[in-house]
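This report describes one protein model for a reader who has not seen it before. Please look at the sequence and the structure first.

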Amino acid sequence: MVNCPLASIPSSICAGAALVVLLAAAWTPLLALAGVSATRSRPLNLLAVRQLYGLNGLLWILLVLAGVGGLLMAMPPLPEGASPVNGEFLGLEGYAWWHGPQRVWIGVMLAGGLGEIVLSFVLACSWKRLRPKSAALWCCTALLVVLPVAVGVAGQRAFWPLPIPLDGPMLSAGVLMILCGLGVCAATGLIWLLARRNRDAFGRDYYAFAARRYARIAGWIAMVTLLGLMALLVLMLPLMSGLPLTPETVSLAALRDSVSAAVLRLPERVWLVPALLVAPLLAELAFVLIVRDAVPMRRKPAMLCGWLCLVLTVMLFTQLLSGLM
């Protein structure tokens, strides 16, 4: 086994960081497809699509690296005395998954991720040639959406069943997490604008257009996330206190007792509740500042603050849910 300093980082933090990248990577092709399909302000939308191709490729590089790292650090080794089924290959014969049915599906996942990287950067480099050809541009961008679906199906076949009870509040938490991913993706688009401004130099009109669009999307999602978290935390209080979720435990009198029980049962995680409400609120205020500014690209601290707050929301939410599983 390879000793890696990342192994000392708590698994919930690693899972939260990987989930942030996964959510942004899942939504980026959809934003690009929406830009290709848009007819209003089409030239500016296509410039945004060009930048989203590069961002998508970068996010998938991070995902593939995180996936490979997870396979090497988190997957169980082959038990001593077990007879290997497959031959040696880059030292992977020491892992149990290399000799099981997971091997094929993990290979499909990695191949799909590499395909997403290659296609994203090819589209970014050949964007000027494809721009006049609407049908070809639309089909190539749609392929960017299909590939992650194939990767997700392969992941389900490789690691199902997941150790997560997908019912009741947990299902609502998953839906809210996926929706929050759109906000993280849009906020990441703002940071990408800052990173690529001098290199791409698409003009002041484009950057004002793109910054307001991403900030508007991220702002609406931050507001929905805040309201959803307020409702979801009320439903999750019985779970945090170790009580079954019934109409009796959701009453006002029972909720007061649930808060006391949750503080006693999960004292190290209670601070996550106010932090989960403050983070999207600060993100919403930051994105409002960007949208209302005549020159939104001047609001660099607000862009960074909004992005950090949404990322923190996902990571805190992951930390809270990990204590309930």
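Predicted model: local features only at pLDDT ≥ 70, side-chain atom pairs only at ≥ 80, totals over all residues.

Residues are numbered from 1 along each chain as its sequence is written, and side-chain values use heavy atoms, with hydrogens and water left out.

**Overall make-up**

The protein has 10 helices and 0 strands. Helices (H or I, at least four residues) and strands (E, at least two) are DSSP runs, numbered from the N terminus. Of the 325 residues, 42% count as buried; buried means under 20% relative accessible area, exposed over 50%, and partly exposed in between (1.4 Å probe, protein chains only). The protein exposes about 16,900 Å², and carbon and sulfur atoms supply 71% of this area. Accessible areas come from the Shrake-Rupley method with a 1.4 Å probe, and for residues only the protein chains shown count as cover. Among contacts (heavy atoms within 4.5 Å) with a separation of 6 or more, 76% are between residues 24 or more positions apart.

**Helix H2**

A nonpolar surface patch of about 400 Å² is made by Leu58, Ile61, Leu62, Leu65 and Phe121. Patches are made of residues with over 30% relative accessible area and no salt bridge; like charges are joined within 9 Å, and nonpolar side chains (Val, Leu, Ile, Met, Phe, Trp, Tyr) within 5 Å. Helix H2 (residues 42-73) gives the most to this patch, with 4 residues.

Arg50 also lies in helix H2. Arg50 is buried yet has no salt bridge, and the nearest side chain of opposite charge, Asp200, is 4.2 Å away. A salt bridge is a side-chain nitrogen of Lys or Arg within 4 Å of a carboxyl oxygen of Asp or Glu; Lys and Arg count as positive and Asp and Glu as negative, with His and the chain ends not counted. Leaving out residues up to four places away in sequence, Arg50 touches Ala124, Trp127, Arg196, Asp200 and Phe202.

**Helix H3**

The 24 residues of helix H3 (residues 102-125) should span 34 Å, and its end C-alpha atoms are 35 Å apart, which agrees. The expected span is 1.5 Å times one less than the number of residues. Buried residues of H3 include Ile106, Gly112, Glu116 and Ala124.

| Residue | Helix | Relative accessible area |
|---|---|---|
| Leu58 | H2 | 35% |
| Cys305 | H10 (residues 300-322) | 33% |

Cys305 and Ala286 are 19 residues apart in sequence and 6.7 Å apart in space, C-alpha to C-alpha.
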